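Work through the exercises below with the sequence and the 3D structure at hand. Try each task before reading its solution.

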Amino acid sequence: MKPYFRTLLFLTLCSFITSSLLSANDLLQNSYLRKGMSLNGRWHYIVDVYETGYFNYRMEPHDGSENPGSSAYFLNKKPKNKTDRVEYDFDTAPTMLVPGDWNSQKEKLFYYEGTVWYKKSFNIEDFNSSKRYYIHFGAVNYRADVYLNGKKLGVHKGGFTPFNFEMTHLLKEKDNFIIVKVDNKRAADEVPTLSTDWWNYGGITRDVTVYELGNTFIEDYKIQLDKSNNKYVTGYVQLNGSTKASKRVTIEIPELKLQKQVTTDNNGYAKVSFPIKKVTYWSDKNPKLYDVKISTVEDQVVDNIGFRTIETKGTNILLNGKKVFLKGISIHEENVIRGGRAWSIEDARVLLGWAKELGCNYVRLAHYPHNENMIRLADQMGILVWEEIPVYWTIQWTNPETYKKAEKQLKELIHRDKNRASAIIWSMANETPTSNERLVFLTNLAKTARKLDDTRLISAALEDHGRKDNKNIMIVEDEFAQVVDILSFNQYYGWYGGTVENIKNIRWEIDINKPVIISEFGAGALQGYHADKMTRWSEEFQELLYEETLPTLAKIPGISGMTPWTLVDFRSPRRMLIPYQNGWNRKGLISETGNKKKAFYTLQKFYKNVKQK
């Protein structure tokens, strides 16, 4: 058996085993619109550089011991008397805001990578012992060990996807305390790996919420247009609880006067399939959303869902059967002005508002899953979205544990956003070097994505290079291009190689009959620095590169969209040139202070003049 196929078989088996382990996934669908009790606000924290609160002096985890002792921070111990020794105290420790990263909140933690313990005390109003209680985290970067009232609820890895734990068995009416050990240390076998081009913000970076649920509740659902027939809605409903079998579930769309009922099987699962008439399809020009109610005798959820189809035909992308050109921009999840990780609906309004002002109908949320506010607001604003997981640069392609971590993050992203009309592309990776092992890894991810959701398109940000015999002819040599639905690649001619004067002579040879999206291009510029057009780091140089690049890209056969790099300058520890970078990637069209650069208006004018063929 050839090495490629041996590796493919091995990773496929790993994927199957991982899938089986995750089949009892208890992530709450649509927690965004469920009524819950927020734990956002001030949390006490302790910086634990040596992880003293987690390991004993033999480097054994305290939470693996039957008698962990008072040194275990998760116990939240208090001295019993004046002779008792307890070497920490959360209640006298400083506080920081949750959601939020520690880097931008505490100057001493600006570069910190390691462990920080968080603690929050809370009561449950109208506590009902017959109910079930969950704690939900929008995201924690990177590893979260979660404890309630001194007992471990579980562990989650992955800095940008949601997770939750049931805590019914440990919860009380009053005097509860939740403790989270947050560790953002980078590691070679993690996803992302050691080296990235963005800031490694640590902390509880998204909302924390407590949900009170019935004994049997609606855990998950998918309600979308059928891929091959836009007159039908298909999907499923999954219940969780002791009475989930043979349960009647009602799906309603009141505005369409539509009501359908299904009955769950012994596992609480029910397929959904029914015709839908007189529906207004969601699009970038008319982002129509419908209230969709899903209910049982014990539970009800309401979601805002848009119905649309997305597909490719030859070199075209079709939205509701009509060709669409994706006028886009790439975005990092950072707050403008305040700094730090973006997380709020206000942050989303600023970023997507700028994208709209630029003339965009499409954004690439790079290089990891962004917070749910972004995708929900994109639904409302009619902005199409590329979402991706942080399979970035050179991760460990042959490590089955690394693959499991990537696949888990992909599953959590798809689980959260599978009902969002704006999400049209799942991206598997960015700028990863070609190899057989990498091809197997990404191919298995693509298979997983298609199995979970066949209504969206698969892509990845690949790379191009000059042909050996003619450097003015650019090509994409990547076998993964045969797997994806859309051929996307990053190109930086005139910035990382070649000259701006020669951009007009560049041509691309694309020998694949698929739509082409330029996932990145751009140049760095310090906002406010002005010079002649050939001076790097000036606004004029960035403007010139856009002026030369845009018409050249427009000539690519099959070009269907682009997301230049990037909307706003963002922090990166790789970018240290003073005075131009000073810790910032300067390829943004807007500075970190919210000021637009000259190239912003160049791209805006280009998009205004784009005519749909």
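## Exercise 1: Two packed helices

In α3, the residues Trp354, Glu357 and Leu358 meet Phe600, Leu603, Gln604 and Tyr607 of α8. The model is a predicted one.

Task. Sort the residues of the contact of α3 with α8 into nonpolar, polar and charged, and decide how the two helices are oriented to each other.

Solution. Step 1: the sorting gives five nonpolar residues, one polar and one charged.

Step 1: two packed helices are described by the angle between their axes and the distance between the axes. For α3 (residues 345–358) and α8 (residues 598–609), the angle is about 60° and the axes are 8 Å apart.

Step 2: angles of 65 to 115 degrees count as roughly perpendicular and those under 35 degrees as roughly parallel.

## Exercise 2: A covered helix

Task. State how many residues of helix α4 are buried, and describe what is found at its N-terminal end and after it.

Solution. Step 1: α4 spans residues 372–381, and eight of its 10 residues are buried. The buried residues are Glu372, Asn373, Met374, Ile375, Arg376, Leu377, Ala378 and Asp379.

Step 1: take Glu372, which is located in α4, as an example. Its relative accessible area is 13%. Buried means under 20%, so Glu372 is buried. Leaving out residues up to four places away in sequence, Glu372 touches Tyr32 and Arg416.

Step 2: the N-terminal end of α4 is capped by Asn371, which has a side-chain oxygen 3.1 Å from the backbone nitrogen of Asn373. After α4 comes Gly382, with a positive phi near 75°.

## Exercise 3: Strand pairing

Task. Give the order of the strands in the open sheet that contains β18, then say whether β27 pairs with β29 in the parallel or antiparallel sense.

Solution. Step 1: strands of a sheet pair through backbone hydrogen bonds, either parallel or antiparallel. The open sheet has three strands in the order β18-β19-β20, and their pairing is antiparallel. Its edge strands, β18 (310–313) and β20 (322–323), each pair on one side only.

Step 1: four bridges link β18 to β19 (residues 316–319) in the antiparallel sense. Ile310 has Leu319 of β19 as its bridge partner.

Step 2: now turn to β26 (residues 465–467) and β27 (residues 470–475), which run antiparallel and are joined by three bridges. The two strands are connected by a hairpin through two residues. Gly466 has Met474 of β27 as its bridge partner.

Step 3: β27 also pairs with β29 (residues 507–508), in the parallel sense and over two bridges. Here the bridge partner of Met474 is Trp508.

## Exercise 4: A residue in a loop

Task. Is Leu28 buried or exposed, and which residues does Leu28 touch?

Solution. Step 1: Leu28 is in the loop between α1 (3–21) and β1 (37–38).

Step 1: its relative accessibility is 4%, so Leu28 counts as buried.

Step 2: not counting residues up to four places away in sequence, Leu28 touches Tyr134, Asn164, Tyr211, Leu213, Phe217, Glu219 and His415.

## Exercise 5: Backbone angles

Task. Find where the cis peptide bond from Val191 to Pro192 and the one from Ala366 to His367 lie, then examine the positive phi values of Glu51 and Met59.

Solution. Step 1: the bond from Val191 to Pro192 is cis, with omega near 5°. Pro192 is in the loop between β9 (176–183) and β10 (208–213).

Step 1: the bond from Ala366 to His367 is also cis, and its omega is near -15°. His367 sits in the loop between β22 (362–365) and α4.

Step 2: Glu51 is not a glycine, yet has a positive phi of about 55°. Met59, not a glycine either, has a positive phi of about 60°. Glu51 is in the loop between β2 (41–47) and β3 (95–98), and Met59 is also in the loop between β2 and β3.

Step 3: compare their accessibility. Glu51 is buried at 13% relative accessible area, whereas Met59 has 52% and so counts as exposed.

Methods: Residues numbered from 1 in each chain as written. Predicted model: local features only at pLDDT ≥ 70, side-chain atom pairs only at ≥ 80, totals over all residues. Heavy atoms only, no water. Buried < 20%, exposed > 50% of the residue type's maximum accessible area, 1.4 Å probe, protein only. Polar contact = N/O pair within 3.5 Å; in protein donor to acceptor, adjacent residues only side chain to side chain. Pairing = 2+ DSSP bridges. Axes fitted to C-alpha atoms, helices over the stretch in contact; angles between N-to-C directions. Parallel < 35°, antiparallel > 145°, perpendicular 65-115°, else oblique. Contact = heavy atoms within 4.5 Å. Nonpolar A, V, L, I, M, F, W, Y, C, P; charged D, E, K, R; others polar.
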